[in-house]
Amino acid sequence: MRLLLVEDDTLLGDGLRVGLRQAGYAVDWVQDGQSARLSLQSESYDLVVLDLGLPKINGLEVLKWLRSQNNSVSVLVLTARDTVKDRIVGLDSGADDYLIKPFDLDELIARLRALSRRGRGISTPLLQHGTITLDPAAHQVKREGEFVDLSSREFALLHQLLLNMGRVQTRDQLESHLYGWGEEVESNSIEVHIHHLRRKLGSQLIRTLRGIGYVIDKP
Ligand code: CA
C-alpha cells in the first residue's frame, strides 16, 4: 500500500517513515503543505498521514483542497493541539481519523489498517481466498491452517491482490503500492515476487493477463 506522510518535524517524520516501511507500506514523505498538494496531484495513494501544523500551506487547508478535488483517499490527521475544536474542524474538513501527539507507532499502524479496510468496505480484518488466509494485523499468511513464510514485499503484493480480488492490477499499479520514492525497483521484481508467491501458495491462485497485469479471481 502506498502512503503519503506529511510531517515537517524531521525527527518524527524520519522515525515514522522507517516504522511504516517496516510495517510494509511504500512511504513517500514530504515536509510542507505545498509539496503535499503536488504529491497528491501526481500520485495515487491508499492512505495519507497528515500533520496539521505545516509550513507553506497548513494541514487543514491541504485537507479542504483535497476533498474539493473529490479525492476520497483515507486521511489520518496528526495533531499536537489537543483541543476539541481542532479535532472537530479536522473531522469536518474530511479527515477519517486523527491521533494526538505524542502517539504510539503501533497505534498509528493499527488505525491505518482499520482505515484501509473501511475505505474498501471490508469489515472483517482477515482476507480469505479458498484455503488461504491473510491477517493484516498479525502480518501472517496461512495456507490450509499452516503458516507460510513470506518476505515483506511478497506479503504486500498478496495483500494488494486480495484487497482487489476480481480486479486486474497492472504491474505499474503493483509497483507503486510496493515501492516508495527513491526505492530501487528491479525491472522484473514483480514477476519474481509473483513467482515466489505461486511456489508458496499454489500456481492457481494468481492469474497472469499477459501484457496487462495480475489478478486473484473471486472464488
Ligand atoms: Ca508540524
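Mentor: Let me start with a term we will need: a residue is called buried when its relative accessible area is under 20%, exposed when it is over 50%, and partly exposed in between. Please also keep in mind that this is a predicted model.

Trainee: Okay, which residues are the protein donors of the calcium ion?

Mentor: The calcium ion takes its protein donors from D8 (OD), D51 (OD) and G53 (O), which lie 2.1 to 2.3 Å from it. Along the sequence, these donor residues follow the spacing D-x42-D-x1-G. D8 sits in the loop between β1 (2-6) and α1 (10-22), while D51 belongs to strand β3 (residues 47-51), so the pair, 43 residues apart, links distant parts of the chain.

Trainee: And D51, is that buried or exposed?

Mentor: D51 counts as buried because its relative accessible area is 4%, which is under the 20% cut-off. D8, by contrast, has a relative accessible area of 31%, and is therefore partly exposed.

Trainee: Switching topic, how many cavities of 30 Å³ or more are there?

Mentor: The count comes to two, and the second largest cavity holds about 40 Å³ of space.

Trainee: What lines that second largest cavity?

Mentor: Its lining is made up of L52, V77, T79, D86, R87, G90, L91 and Y98. Two elements, β4 (74-79) and α4 (84-92), each give two or more residues to that lining, and the largest share, four residues, comes from α4.

Trainee: How many of those lining residues are nonpolar, polar or charged?

Mentor: The lining of the second largest cavity divides into four nonpolar, two polar and two charged residues.

Definitions and conventions. Residues are numbered from 1 along each chain as its sequence is written. This is a predicted model: local features need pLDDT of at least 70, side-chain atom pairs count only at pLDDT 80 or more; totals for chains, interfaces and linings use all residues. Side-chain values use heavy atoms; hydrogens and water are left out. Donors are N, O and S atoms within 2.8 Å of the metal (3.2 Å for Na, K and Ca); water is not among the atoms, so sites may look incomplete. Buried means under 20% relative accessible area, exposed over 50%, partly exposed in between (1.4 Å probe, protein chains only). On a 1 Å grid over the protein atoms alone, a cavity is a set of points where a 1.4 Å probe fits but cannot get out, and a pocket is an open set with protein on both sides within 12 Å along at least five of seven lines; lining residues have an atom within 4 Å of a point. Grid points are joined across faces, edges and corners, and a volume is the space filled by probe spheres set on the points. Ala, Val, Leu, Ile, Met, Phe, Trp, Tyr, Cys and Pro count as nonpolar, Asp, Glu, Lys and Arg as charged, and the others, Gly among them, as polar.
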